[in-house]
Amino acid sequence: MRNTGTTASRSPAISSAERTGYYHHGIYAGDGRVIHFNGGPDAHAADVEVQETDISEFLRGGLPEVRVYSRGERKLLRKPDEILAAARAALGRHGYHVLRNNCEHFSNECAFGVHYSKQTDSIPDGEKLDMHRGEGKSE
């Protein structure tokens, strides 16, 4: 896994896979395993759940990266055992929503205890409505 920051890839860092038009996020659990929202490439939101999979399932051909934490994020970052415990506690959880509860929300919640997504929280409300209706780009 390419490390784009100072976090060792053996720790439960936020990992991402660059996919067409977006990044898929998860928590690296060690031994080639990632905890993330997963439901298969053609799954409906109701079928998506937090799962622990091998890294190839997480990547699905995307390029692996390890999150670079900003100085502010490092102050909020939980301890590695807490990040992994939060991710494992969420296994089997449903409730995926591309705008309000996506893979980046999940990863940030595990790592920082804060539910947010840079990818979707910065989208203007009108574009969010189009995405929700299926009229725009979606994750």
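View 1. Helix α4 is followed by G113, whose phi is positive, near 75 degrees. The structure is a predicted model, in which local features need pLDDT of at least 70 and side-chain atom pairs count only at pLDDT 80 or more, whereas totals for chains, interfaces and linings use all residues. Residues are numbered from 1 along each chain as its sequence is written, and side-chain values use heavy atoms, with hydrogens and water left out. Helices (H or I, at least four residues) and strands (E, at least two) are DSSP runs, numbered from the N terminus.

**View 2. The start and the covering of α4.** At the start of α4, a side-chain oxygen of N102 lies within 2.8 Å of the backbone nitrogen of E104. Of the 10 residues of α4, 9 are buried (under 20% relative accessible area, with a 1.4 Å probe and protein chains only). Among them are C103, E104, H105 and S107.

**View 3. The surroundings of N108.** N108 belongs to helix α4, residues 103-112. N108 is buried, with a relative accessible area of 0%. Leaving aside residues up to four places away in sequence, N108 touches I14, R67, G113, V114, Y116 and S117; contact means heavy atoms within 4.5 Å.

**View 4. The open antiparallel sheet.** The sheet contains 5 strands in the order β4-β3-β2-β1-β5, with antiparallel pairing. Its edge strands, β4 (49-54) and β5 (63-66), each pair on one side only. From one strand to the next, the twist averages 35 degrees. Strand β3 (residues 33-38) pairs with β4 over 6 bridges, where pairing requires that DSSP find at least two bridges between two strands. R33 has D54 in β4 as its bridge partner.

**View 5. Helices lying across the sheet.** Helix α3 (residues 80-89) lies across β2 (22-30), β3 and β4, at about 110 degrees to β2. Helix α4 lies across β1 (14-19), β2, β3 and β4, at about 40 degrees to β2. Axes are lines fitted to C-alpha atoms, for helices over the stretch in contact, and angles run from 0 to 180 degrees between N-to-C directions.

**View 6. The nonpolar cores.** The largest nonpolar core has 22 residues, of which I27, I35, F37 and F106 touch the most other members. Such a core is a set of buried Ala, Val, Leu, Ile, Met, Phe, Trp, Tyr and Cys residues joined through side-chain atoms within 4.5 Å. Helix α4 gives the most to this core, with 5 residues. A second, separate core of 5 residues includes A17, Y28, F58 and L59.

How values were computed. Buried < 20%, exposed > 50% of the residue type's maximum accessible area, 1.4 Å probe, protein only. Polar contact = N/O pair within 3.5 Å; in protein donor to acceptor, adjacent residues only side chain to side chain.
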